Amino acid sequence: MNLGAFLIRRLWQMVPTMLGVVLLVFFLFNWVGGDPAYILAGKMANPADIANIRHQLGIDRPLWEQLLIFVRQIVTGDFGNSWATQEPVSAIFRSRLGPSLMLLIPMMLLETATAVAVALAVAAWRGSTLDRALMAASTVMMSISLLVYIIVGQYVFAYLLGWFPVKGWSDDFWRNLTTYAVLPVLLGLMVSIAPSVRLYRTFVLDEIGQDYVRTARAKGLSEVRVLLVHVLRNAAIPIVTNVLMGLPALLTGAFLLERFFAIPGIGREIILAVERSDFPIIKAATVYVAMATMLANLLGDLLYHWLDPRVHLE
Amino acid sequence: MPPNASPGLWTLAWRRLKRDRVGMISLAVVVAYLCMVFLAFGGWIAKDWTREVGVNYAPPVFLPDDQDPTAVALVKPVAQPDQVDLYGLQDPLARQLAQIRAHDPVGAQQPIVARRLTLPLGGDKWGHDVLTKVIKGSETSILVGLVAAILATALGTLMGALAGYFGRWVDDSFNWLYGVFTAIPYLLLIFAIAAVLQQKGVSTIILILGLTGWTGVFRLVRAEYLKHKSREYVLAAGAMGASHARRMFIHILPNTSHVILVQLSQNVVGFIKSEVILSFLGFGVPVDVVSWGSMLNEAQNELILGKWWQLAAAGTAMAILVTAFSLLTDALRDALDPKLKY
Amino acid sequence: MINHMGRLLFILLLAVPLTGVAAAPEKVLHLALSAAETGFDPVMTSDLNTASIEQQLFESLLTYDYLARPAKLVPRLAADMPTVTDHGRTWVFRLKHGVYFAPDPVFKGAKREVVAQDVIYTLMRFMDPKNRSPYKFLVEGKIIGLDELAAAARRSGHFDYDAKIPGLEALDRYTLRVRLKTTDYNFAHAMAQPMYGIVAREVIEAYAGDTASHPVGTGPYHLVRWVRSSRMVLERNPYFRHETWNFDPGNDPDSQHIAALMRGKTIPQIDRIDIQVIEEPQSAWLSFGKGELDMVGLAGQFAPLALQGDHLRSKYAARGIRLDRISDPSIAYYFINQQDPVLGGMSPEKIALRRAIFMAQNDEEMIRVIHKGQAVRNAYPIPAGVAGADPDYRSVLDYNPELANRLLDQTGYARGPDGYRRMPDGSPLAVRYTSSLSSQDRELDEMMKKALDRLSIRFESEKLKFPDMLRAERQCRVQIRLSAWIADYPDGDNFMQLWYGPHTHENNASCYQDPQWDRLYERTLTLPDSPQRNVLYHQLARMLELKGVTKVSTTHIRNVLSQPWVLGFKAHPILPSVWAYLDIDTARAPRE
């Protein structure tokens with residue numbers, strides 16, 4: 001199947017999934033999602049005020065009409081304004097994406113680089129004490145809750161030792177990257193690196209068992225060369241896919257770090273929106289993240305094909 | 001069993017596992033925890049964790065005594081119910097109160113219960129014994145992890161089996177469901193499901209975790225079924241008239257059980273950790289139940305107050321179990337998957 | 001209704017001084033809010049965090065004196081205090097001359113002066129249904145002709161701002177006459193709210209739909225940068241009129257110290273205010289403790305770190321850090337829904353049940369364990385510092401579990417075989433306590449569980465998101481809850497109206513409808529703050545206790561810590577922020 005046809009087919013397949021996401025979120029949050037009118041109306045509001053606000057927000061219209069509006073919003077990409085602050089939803093997400101990525105990308109790069117290096121090392125010395133020690137250490141590392149890492153890390157490294165600022169964010173890219181993002185990224189790595197090491201180790205071990213590795217060794221290639229060139233090239237396929245597919249989840253998953261370090265990211269925004277029943281933001285977040293997830297999967301498949309042409313696109 | 005019959009998958013796996021020292025130690029730790037859970041569940045230990053046995057924030061016994069004098073619990077006698085000015089109003093309960101006073105004057109001294117100044121692992125803000133809380137908390141956390149993992153794994157297995165075995169539209173629809181669940185941001189999925197399950201309690205946490213955690217199992221089990229359904233033994237069973245259900249669950253299932261078991265134990269670990277985050281978001285256990293998650297969230301503010309013992313106790317107890325469980329999972333995977341040779 | 005108390009405690013003010021140019025170091029105050037702001041259109045504001053910023057951006061006609069205690073009304077945009085005639089029904093305000101709005105492209109480079117018509121426009125905006133104002137209750141039903149205008153707008157969908165109404169008249173360019181329908185001595189307080197800051201019609205109309213992000217006022221600061229729910233930067237308003245710091249310190253030594261430092265300085269002294277939103281109290285506290293910051297509102301749970309009894313711990317005092325400690329004009333009160341099928345009703349056994357539940361609440365333990373001593377027992381609905389308060393009031397619902405249990409025994413709530421009490425008719429009894437999902441509320445759940453355990457009553461917990469909780473409360477579906485109220489203005493009526501029958505489904509959360517109580521309350525409305533009114537207030541408060549409607553529990557204490565280089569700070573009970581009255585000692589402030 002050629003690439004174009006494949007792309008069209010995959011993109012087409014996204015439509016029903018998206019529809020499912022939209023329906024699920026719409027009904028769940030409409031059914032049980034709370035009524036923002038009671039917050040917006042303030043402390044002395046009477047039922048007429050509440051009705052007025054509900055009318056303005058459009059939540060007194062029939063469900064199907066609201067659903068239609070939602071679908072139109074997805075098609076046009078315009079989710080209107082936040083109910084809590086009147087700010088355009090798109091502006092909110094634009095301003096949140098930067099800080100989220102600032103945490104996410106260094107974390108992903110460091111995590112992948114470290115995890116691949118460690119995975120190759122332990123695979124090279126598989127079964128040895130080093131392997132066991134590293135694996136045990138990484139298991140212990142990931143068994144501690146992120147909440148504990150953050151509470152203790154912020155207290156010890158930022159407050160007691162003063163190596164990092166306790167919290168904060170600025171408008172300056174480099175200052176954020178080199179000052180404010182460092183501690184959160186490192187703390188995030190403490191929990192995220194171990195599972196990757198363990199997973200990549202199995203990918204590497206899978207490859208080491210293959211015939212071509214034995215052939216390469218038989219040709220007299222050095223173990224280092226075998227590992228770095230032959231094994232890594234093939235193990236890279238599942239690794240790359242894994243990294244890509246993990247990205248969208250990270251976008252919303254860093255909310256603990258964002259809250260404790262006062263970083264204006266997407267995860268924190270979503271929690272705030274849920275607390276305030278700010279439905280336009282919830283809708284937009286769902287759609288954006290779902291879209292990102294599906295595109296990441298597609299990209300993963302394409303990369304898979306590109307790295308290993310034997311894999312057929314289907 | 002004839003003496004020369006070749007040993008089955010499980011026997012072989014057990015033999016391999018027995019040779020794995022780390023695996024065996026982990027197994028021992030996990031079993032020890034499970035025994036603790038069993039004892040706590042049966043009410044033999046840590047039953048009275050709600051009793052306030054120590055002073056507020058009683059330090060652990062091994063700490064040098066640096067009690068802040070303000071931290072010692074003050075036990076005040078009950079105030080005497082004086083006659084207060086009613087500003088000319090009539091008390092609707094005047095008759096009842098008069099009767100009570102006539103029979104038995106209120107205001108006798110309440111027994112003052114002596115509270116301990118130190119506790120084995122310290123006390124929390126109410127003076128609950130942290131050691132007892134950790135034990136009782138393990139019961140909740142481990143049960144939540146186990147039951148939710150079983151639920152998620154069962155759901156994932158069932159759907160994966162149906163999808164992989166029947167293929168076509170069945171497969172398409174389950175894949176669609178899988179796509180939807182993985183595309184929705186996890187955070188929002190949690191909020192949404194929590195909102196639907198109005199009643200709060202341990203069962204809500206289990207359902208949240210179970211209903212969001214099935215996707216990984218589904219993907220793997222489906223792949224296994226795709227692989228197995230055209231194998232000879234399944235085709236043969238079909239030729240002999242075995243029903244679909246029989247082929248799926250009697251013939252194929254045992255051959256995918258190693259995948260399922262590994263997924264199950266991975267989920268247990270993941271869910272025990274997720275419970276902490278759910279507590280942070282306010283979807284934790286109710287107040288009459290204690291879990292590691294509720295303890296860690298309670299202890300959040302205690303660290304900088306210098307009352308680190310609850311954080312340390314719950315954090316350590318959890319770390320040990322999760323480490324042991326993860327190492328056991330590794331050992332199991334190695335033992336069950338003969339393809340991976342060291 | 002809104003958990004103002006928690007919010008006040010968490011208004012975390014912090015600051016990171018920055019270096020400036022060698023010649024005149026820029027004075028920067030870095031502050032933090034504990035919860036996200038909403039938006040800076042005052043007419044739509046309902047929360048204290050947002051109001052604290054609007055207090056600096058906009059100016060109302062009146063305000064409260066910085067140093068006078070109890071809080072005292074003084075002119076702000078008005079040139080002097082209004083002339084009140086006709087038994088509090090006719091109010092004449094004269095505006096200061098030469099007050100200009102902060103620069104904005106809408107004015108096309110011209111300086112725009114504030115005139116009486118702007119005040120009329122600002123007041124009208126509150127009744128425009130499009131603006132859905134949370135604070136319209138301060139003018140609703142009061143100004144002659146305004147409600148009719150609102151009614152017409154509801155019908156036509158368009159509010160006629162050009163209409164002339166008898167209640168709002170500009171007598172000349174700087175003079176405004178307000179005519180009220182009935183006597184209202186609290187109208188001056190309404191005109192001192194930060195939400196009633198004066199806006200310009202052309203600005204509002206130019207930014208229609210997005211007024212929240214274009215605040216243009218006459219205050220000492222204007223907003224130069226806003227990253228929603230994360231960061232706000234205020235800078236000195238270049239058009240701000242010349243004002244001099246000249247507050248009367250009275251006899252208070254702290255105030256005299258402040259006045260000595262500040263008197264004669266131009267307002268404002270600080271050039272820039274950088275505000276971040278920090279939700280986690282640990283993060284805010286550590287930031288302050290590290291010395292990066294100037295001020296922090298001490299979250300209750302961290303009080304033992306900084307305080308020993310009522311005083312700052314010596315290690316902080318030695319660093320020159322100062323503590324400002326005031327009692328908030330607020331109450332925390334338990335209410336029981338009088339329309340609830342289980343707990344409501346006026347039969348003796350229902351009253352006994354409610355009073356027993358209230359008597360089982362251990363307020364002292366709550367203060368000690370949960371508030372870490374940062375609250376005081378207050379049984380009267382009107383807290384200290386508010387007109388009508390009574391510090392000597394004694395409750396009939398003080399903690400007394402023994403009497404509570406006897407009362408239940410006496411009225412037929414027998415214990416069943418499981419040890420829990422049943423209803424007099426033998427049916428099961430459980431009490432459902434409602435609270436939000438926050439971790440602070442979890443502690444309150446624990447308190448309630450312990451209280452009900454003392455009575456052998458089964459405890460049930462209902463955890464709701466904040467908006468859902470409000471809805472349940474407004475619809476009279478909550479059984480019992482601990483709620484809080486903080487003064488909008490320092491008058492007892494702001495508190496007593498919480499139990500007024502017609503306010504059911506509004507903020508009478510106990511859904512208490514009692515003609516006897518309502519008639520008595522209506523009589524208080526015709527009286528100014530006076531001994532006669534206090535007699536009625538005492539009867540009202542006692543009736544709430546005797547009928548088991550509510551138990552007022554505690555009043556919070558607000559602790560604000562400031563670094564040695566922050567000059568002139570004194571916590572104000574009513575003003576949401578006082579930043580314009582502060583200064584920074586750049587010689588002492590650390591450089592970055």
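Start with the contact between chain C and chain A: chain C puts 40 residues into it, and chain A puts in 44. Keep in mind that this is a predicted model.

Which elements of chain C give two or more residues to the side that touches chain A? They are β12 (272-277), α8 (281-289) and α15 (466-474) of chain C. The largest share comes from α15(C), with 6 residues. If you sort that side of chain C by class, you get 15 nonpolar, 13 polar and 12 charged residues.

Now stay with chain C, but look inside the chain. Chain C is divided into domain 1, residues 40-212, and domain 2, residues 330-556. Taken over C-alpha atoms, the centres of these two domains of chain C are 36 Å apart. Where the domains touch, domain 1 of chain C contributes 8 residues and domain 2 of chain C contributes 8 residues. The domain 1 side of that contact has 4 nonpolar residues, 4 polar residues and no charged ones.

Last topic, the core. In soluble globular proteins, nonpolar side chains tend to be buried together. Here the largest nonpolar core has 346 residues. Which of them touch the most other members? B:Leu188, B:Ala314 and C:Ala356 do. Helix α12 of chain B, residues 309-336, gives the most to this core, with 16 residues.

Take C:Ala356 as the example to find on screen. Leaving out residues up to four places away in sequence, C:Ala356 touches C:Ala404, C:Leu407, C:Leu408 and C:Leu455.

That is what I have. Questions are welcome.

Terms used: Residues numbered from 1 in each chain as written. Chains lettered and ligands numbered in written order. Predicted model: local features only at pLDDT ≥ 70, side-chain atom pairs only at ≥ 80, totals over all residues. Contact = placed C-beta atoms within 7 Å. Helix = DSSP H or I, 4+ residues; strand = E, 2+ residues; numbered from the N terminus. Nonpolar A, V, L, I, M, F, W, Y, C, P; charged D, E, K, R; others polar. Core = buried A, V, L, I, M, F, W, Y, C linked by C-beta atoms within 7 Å. Buried ≥ 20, exposed ≤ 12 C-beta atoms within 10 Å, placed from the backbone. Domains from an automatic or database assignment.
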